[in-house]
Amino acid sequence: MMDSYSDTRMGPFGGCRRRSYLFVLFILPALVMFLTTMAPTMFPAVFTPDIAALVTKFGPIALLVISFYVGLQRFANLGMSRWWYLGHFVPLLNLWTAYPCFACPVGYAMHKQMHAAGSLLAILYWLFLLVFAAGAAG
C-alpha cells in the first residue's frame with residue numbers, strides 16, 4: 001500500500017519516472033544547446049561574456065551528471081538493478097537497456113505488463129530502430 005506522497009509519484013521502487021527520464025533525454029539537451037549557442041547572441045544584456053563562458057563551460061558537464069543520475073534512477077523505478085546502466089555502453093545490449101527506460105511503466109521488471117502509453121512508446125521505439133537500421137543499411 002502506498003501511503004506517502006513520494007510513493008504515489010514514483011511507485012514502490014522509488015527512482016525516476018518515465019516522464020522525467022524522457023525530459024532529461026530529449027528536452028534538457030535542447031535547452032543546454034540553446035543556452036550555450038543562441039542565448040548569448042539573443043540576450044546579450046542577460047548573458048554577459050562571463051556568464052556565457054560559464055554556461056558554455058559547465059552546461060554540458062551538468063547535463064552529463066544529471067543524465068547519469070536520472071538514468072540510474074530510471075532503472076530503480078523499473079525494479080531493475082542500477083548496474084544495468086552499464087549496459088548502455090555495450091553495443092547491441094544498449095538497444096535492450098534503452099527499451100525499458102523509454103517505454104516500460106513503474107515496476108516492469110516485477111510484473112512484466114505494459115499499459116496503453118507504454119505499448120505505444122514501445123512500438124515507436126522499435127519502429128524508429130527498424131527505420132534507422134534500414135536507412136543505415138541502404
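Student: What makes leucine 92 count as exposed?
Tutor: Leucine 92 has a relative accessibility of 69%. Exposed means over 50% relative accessible area, buried under 20%, and partly exposed in between (1.4 Å probe, protein chains only). At 69%, leucine 92 therefore counts as exposed. The model is predicted: local features need pLDDT of at least 70, side-chain atom pairs count only at pLDDT 80 or more, and totals for chains, interfaces and linings use all residues. Residues are numbered from 1 along each chain as its sequence is written, and side-chain values use heavy atoms, with hydrogens and water left out.

Student: Where is leucine 92 found, and what is its phi?
Tutor: Leucine 92 is in the loop between H4 and H5. Its phi is positive, about 70°, although leucine 92 is not a glycine. Most residues other than glycine have a negative phi.

Student: How do you know whether lysine 112 is buried or exposed?
Tutor: The relative accessible area of lysine 112 is 54%, and lysine 112 is therefore exposed. Lysine 112 is in the loop between helix H6 (108-111) and H7, and it has a positive phi of about 50° although it is not a glycine.

Student: Why is leucine 28 called buried?
Tutor: Leucine 28 has a relative accessibility of 17%, and therefore counts as buried. Leucine 28 belongs to helix H2. Leaving aside neighbours within four places in sequence, leucine 28 is in contact (heavy atoms within 4.5 Å) with Phe23, Leu63 and Ile66.

Student: What makes glutamine 73 count as buried?
Tutor: With a relative accessible area of 15%, glutamine 73 is buried. This residue of helix H4 touches Gly15, Cys16 and Arg82, not counting residues up to four places away in sequence.

Student: How do you know what span is expected of helix H2?
Tutor: The expected span of a helix is 1.5 Å times one less than its number of residues. Helix H2 (residues 18-37) has 20 residues and reaches 28 Å from its first C-alpha to its last, close to the 28 Å expected.

Student: Where does H2 bend?
Tutor: H2 bends by about 40° at valine 24. The bend is the angle between axes fitted to the seven residues ending there and the seven starting there. Val24 is one of the buried residues of H2, which also include Arg18 and Tyr21. Among the elements that cover the buried residues of H2 are helix H4 (49-78), helix H5 (93-103) and helix H7 (116-137).

Student: At what angle do H4 and H5 pack?
Tutor: H4 and H5 pack at about 75°, with their axes 10 Å apart. Because of this angle, H4 is roughly perpendicular to H5. Angles of 65 to 115 degrees count as roughly perpendicular, under 35 as roughly parallel, over 145 as roughly antiparallel, and the rest as oblique. Arg74, Phe75 and Leu78 of H4 meet Thr97, Pro100 and Cys101 of H5.

Student: Which residues make the contact of H2 with H5, and how do the axes cross?
Tutor: The axes of H2 and H5 come within 8 Å and cross at roughly 120°. The contact is made by Arg18, Tyr21, Leu22 and Phe26 of H2 and Cys101, Phe102 and Ala103 of H5. In H5, Cys101, Phe102 and Ala103 are among the buried residues. What covers the buried residues of H5 includes H2, H4 and H7.

Note on methods:
Helix = DSSP H or I, 4+ residues; strand = E, 2+ residues; numbered from the N terminus. Axes fitted to C-alpha atoms, helices over the stretch in contact; angles between N-to-C directions.
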